[in-house]
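Subject: the two-chain model

Hi,

Here is the structure I promised to pass on.

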Protein chains: 2
Amino acid sequence: MSAPFSPVRTILRKREGGVHPSEEIEAMIQGFVAGSVADYQMTAWLMAIFFRGMSTSETACLTRAMIGSGRVLPDWAPGGAVVDKHSTGGVGDKVSLILAPIAAACGLRVPMISGRALGHTGGTLDKLEAIPGYRVRLEPRRFLEIVENVGCSIAGASEDIVPADRRIYALRDVSGIVESPPLIVSSILSKKAAARLSGLVLDVKVGSGGFMPTKAAAHHLAELLVAAGTDLGIRVEAFLTWMNDPLGWTVGNALEVAESIRFLRGEDVATDLTEVTIELACAMLRVGGGVDGGEQARSRVIDAWRSGRALEKLAEMIEAHGGDPRVTDDPGLLPSAPCIRPLLSESEGWVAGIDARAVGELVIDMGGGRRRVEDPIDPRVGVVLRVPHGARVEVGTTLAELHTSEGSDARGFEDRLRSAFRFDERRPRRRQVVLDHLDGQQV
Amino acid sequence: MSAPFSPVRTILRKREGGVHPSEEIEAMIQGFVAGSVADYQMTAWLMAIFFRGMSTSETACLTRAMIGSGRVLPDWAPGGAVVDKHSTGGVGDKVSLILAPIAAACGLRVPMISGRALGHTGGTLDKLEAIPGYRVRLEPRRFLEIVENVGCSIAGASEDIVPADRRIYALRDVSGIVESPPLIVSSILSKKAAARLSGLVLDVKVGSGGFMPTKAAAHHLAELLVAAGTDLGIRVEAFLTWMNDPLGWTVGNALEVAESIRFLRGEDVATDLTEVTIELACAMLRVGGGVDGGEQARSRVIDAWRSGRALEKLAEMIEAHGGDPRVTDDPGLLPSAPCIRPLLSESEGWVAGIDARAVGELVIDMGGGRRRVEDPIDPRVGVVLRVPHGARVEVGTTLAELHTSEGSDARGFEDRLRSAFRFDERRPRRRQVVLDHLDGQQV
């Protein structure tokens with residue numbers, strides 16, 4: 001007979017570096033949801049986890065316990081594999097908007113639960129809300145319907161899916177316990193597993209514009225994600241991708257939707273965005289099963305994109321969500337900023353870096369993000385980069401455009417954007433955007 | 001201009017191993033008392049302190065901030081030095097009951113704020129309440145009056161002294177954050193400093209019967225106590241004393257009061273208790289000032305004891321607290337257990353150890369301590385040891401007596417007490433009870 005559950009004993013076990021029996025983790029989460037484990041005991045435990053870590057099986061167990069705190073989606077009808085992509089968040093990262101339609105056009109079903117802007121990083125839901133009429137909150141039944149009919153739906157999490165995650169995340173946020181791999185992993189995977197995915201592709205960002213500053217930290221997180229996801233019976237691949245410079249040409253909500261549409265139209269395609277999107281799309285096909293090797297996946301992805309079928313999927317998804325699908329023909333229908341000012345170079349040399357975090361912070365202060373949950377967002381504002389990393393510029397070259405609202409401090413923004421650029425006298429080495437790849441079937 | 005106070009930034013600073021500016025510690029404690037720092041933020045911070053530690057000056061600053069959360073005692077009238085002793089808690093540790101009267105008989109003033117039983121260790125307040133009529137809760141004014149008139153008073157903390165400590169301790173207790181040196185030190189010193197002591201003697205217990213299992217951990221705690229106390233302007237000496245065996249002959253509330261009275265009467269004096277009491281009493285005289293060297297202090301202490309003046313002080317203190325002072329003439333007036341059973345040895349050999357923690361746990365289960373705050377205590381029950389550490393015993397020698405209440409499981413208790421004894425075939429080396437000594441003026 002085992003001793004009755006004790007929150008203090010549980011906290012002490014982790015504090016002293018021990019490994020939790022699975023029942024203890026379950027009792028902790030159930031007790032927390034039921035109110036017998038107090039908030040202050042939860043944060044003490046989470047902080048002990050921050051310092052001591054969790055094994056793969058502890059992390060998988062925590063994930064299962066969190067899934068068990070709410071309802072899960074019903075079983076999927078027979079059909080295409082159910083697959084999703086998750087990114088740890090970056091600046092200018094509009095990959096989801098492009099990838100979900102491509103994957104749907106390849107026959108996959110993509111029930112993509114997305115989030116809001118967090119810190120200096122953008123949020124897919126905020127971007128989609130730049131599309132006139134687009135609703136991100138749906139009845140779960142409607143969400144499933146869109147996935148079945150269109151192939152993809154991007155929406156916010158329903159309140160009754162993984163409620164433990166919502167409450168634990170709120171505590172972590174105000175108690176300085178965000179950056180803990182097992183807590184990040186269980187938060188991500190619980191929401192994905194509750195959607196009954198068969199495959200998941202993860203994009204772990206490395207660099208100043210993400211939340212993992214070093215490659216080693218990002219690699220550790222990716223390993224734990226892949227191992228715990230595999231333990232949960234999900235086919236998982238993870239990528240480490242570079243996030244020191246913004247991804248693609250634009251940062252800002254409507255601007256990023258417009259760039260995504262133009263990307264799917266084959267117009268004005270940024271190299272780094274292409275590299276990441278194609279890699280992730282191929283991985284989605286692989287984890288969905290039914291393709292062999294890299295080349296088959298690649299040709300199907302390219303075909304879905306070039307044929308215009310992915311663009312059609314985007315239009316269908318927007319329409320299903322109540323948005324105006326004509327934006328996919330004419331991105332000019334998206335809201336646009338009243339003032340557009342070019343930023344001209346005062347230096348000459350090679351563009352050696354564009355500080356993603358600085359640009360992200362700038363766009364928040366321009367009104368395109370939030371400092372507090374209740375802050376409104378101006379979808380129109382943002383930054384359009386006119387030169388990529390590695391470009392040669394002269395004095396007077398247009399580096400970027402600032403899209404600002406009426407009466408804002410355009411001059412101050414200009415100075416801040418200028419100092420985000422770093423120049424070098426020599427041509428920098430070509431960057432690799434995809435830094436590493438982990439496959440759950442090869443770990 | 002410094003940034004406005006942020007609880008999250010404060011938690012993150014400690015989590016990452018940083019050192020807090022003093023204003024940050026003050027803001028954290030003030031915010032906690034005022035309600036702007038939540039309980040769950042406090043425990044996250046405390047757990048980070050558990051892992052990262054605090055410097056001496058951070059610890060002193062935390063102590064000052066806690067003192068500032070409530071009222072402090074008024075200035076003392078001119079007169080004898082104001083001195084106290086604090087022990088980290090042990091089994092059979094009745095030193096306070098003997099030491100306060102001895103120090104008072106030497107002309108010191110001893111405003112001793114004591115506590116309740118904690119875990120397997122006894123509490124001085126619970127022991128005093130075994131004396132018919134003794135009240136441990138006094139108006140602060142009455143407490144001061146007794147100290148001025150008698151020279152010593154042992155009472156519970158008033159609600160408005162260091163309220164932050166009471167609330168923080170309650171959180172630590174249920175969140176697994178008790179065993180952290182800076183938190184222990186600030187908790188102890190804040191209450192002592194609020195009494196405006198000029199000198200303080202600390203008894204840090206080492207071994208299974210205390211809370212510091214190793215000498216190294218106890219030494220670190222003692223160093224931090226001495227350094228932070230000195231930083232607060234208090235003259236501090238600390239001792240490391242052995243707490244693997246119970247101290248003295250008895251464990252149990254009325255039994256320990258009776259032993260203390262007999263000790264002061266010079267009857268049935270245990271060697272280990274004498275060694276600790278005399279050392280601590282001499283240190284109290286030293287930190288009170290006005291004695292030179294060890295010998296002068298020692299002769300004054302011995303004289304206060306042997307002359308019976310200390311016993312008189314005890315009687316006066318008991319009477320001032322509403323208790324029956326006749327117990328000092330006749331300890332038989334104390335409540336006594338209805339059943340007394342001898343425990344006879346089934347082995348022969350030398351007593352090599354009497355597990356203090358096991359005896360402490362046993363006495364709780366006999367009814368002499370608490371498992372939960374609301375449990376009542378039976379003052380009558382306990383254990384009387386009949387052989388000391390290092391004694392030779394034969395089969396049939398009386399090892400101890402069990403003092404139990406009506407209808408309790410005497411046989412089960414007997415078995416547990418028997419297994420607390422450890423025998424050896426060779427005579428063990430004589431133990432030193434006082435293991436180490438730290439002096440704030442020599443650090």
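Below is what turned up, starting with the interface and moving on to rings and salt bridges.

Some housekeeping before that. This is a predicted model, so to speak of local features I need pLDDT of at least 70, and side-chain atom pairs count only at pLDDT 80 or more, while totals for chains, interfaces and linings use all residues. Residues are numbered from 1 along each chain as its sequence is written, chains are lettered from A and ligands numbered from 1 in the order in which they are written, and side-chain values use heavy atoms, with hydrogens and water left out.

**Where the chains meet**

Taking contact as heavy atoms within 4.5 Å, 23 residues of chain B touch 23 residues of chain A. About 1,800 Å² is buried between the two chains, 70% of it from carbon and sulfur atoms; buried area here is the accessible area (1.4 Å probe) that two parts lose on being put together, summed over both. On the chain B side, B:Arg15, B:Tyr40 and B:Phe51 lose the most area to chain A, together 36% of what that side buries.

There are 9 residue pairs in polar contact between chain B and chain A, both residues at pLDDT 80 or more. (A polar contact is a pair of N or O atoms within 3.5 Å; within protein, one must be able to donate a hydrogen and the other to accept it, and residues adjacent in sequence count only if both atoms are side-chain atoms.) Helices H1 (7–15), H3 (39–52) and H8 (163–175) of chain B each supply at least two residues of the side that touches chain A. Helices (H or I, at least four residues) and strands (E, at least two) are DSSP runs, numbered from the N terminus. The largest share of that side, 10 residues, comes from H3(B).

The rule also finds 2 salt bridges across the interface, a salt bridge being a side-chain nitrogen of Lys or Arg within 4 Å of a carboxyl oxygen of Asp or Glu. B:Arg15 turns up again here, in a salt bridge with A:Glu179 (2.8 Å, N to O).

**Rings**

Over all chains there are 7 aromatic pairs. Rings of Phe, Tyr and Trp (its six-membered ring) pair if their centres lie within 6.5 Å; planes under 30 degrees apart are stacked, over 60 edge-to-face, and the rest tilted. B:Phe50 and B:Phe51 are edge-to-face, because their planes stand at 80 degrees, with centres 5.2 Å apart.

**Salt bridges**

The whole structure has 78 salt bridges over all chains. In one of them A:Glu148 meets A:Arg109 (2.9 Å, N to O). A:Glu148 lies in helix H7 (residues 140–150) and A:Arg109 in the loop between helix H5 (95–105) and strand E2 (110–114), so the pair ties together parts 39 residues apart in sequence. By relative accessible area (buried under 20%, exposed over 50%, partly exposed in between; 1.4 Å probe, protein chains only), A:Arg109 is buried at 7%, whereas A:Glu148 is partly exposed at 34%.

In chain B, B:Lys205 and B:Asp203 form a salt bridge with their closest N and O atoms 2.8 Å apart. B:Lys205 is buried at 0%, and B:Asp203 is buried at 0%.

Cheers
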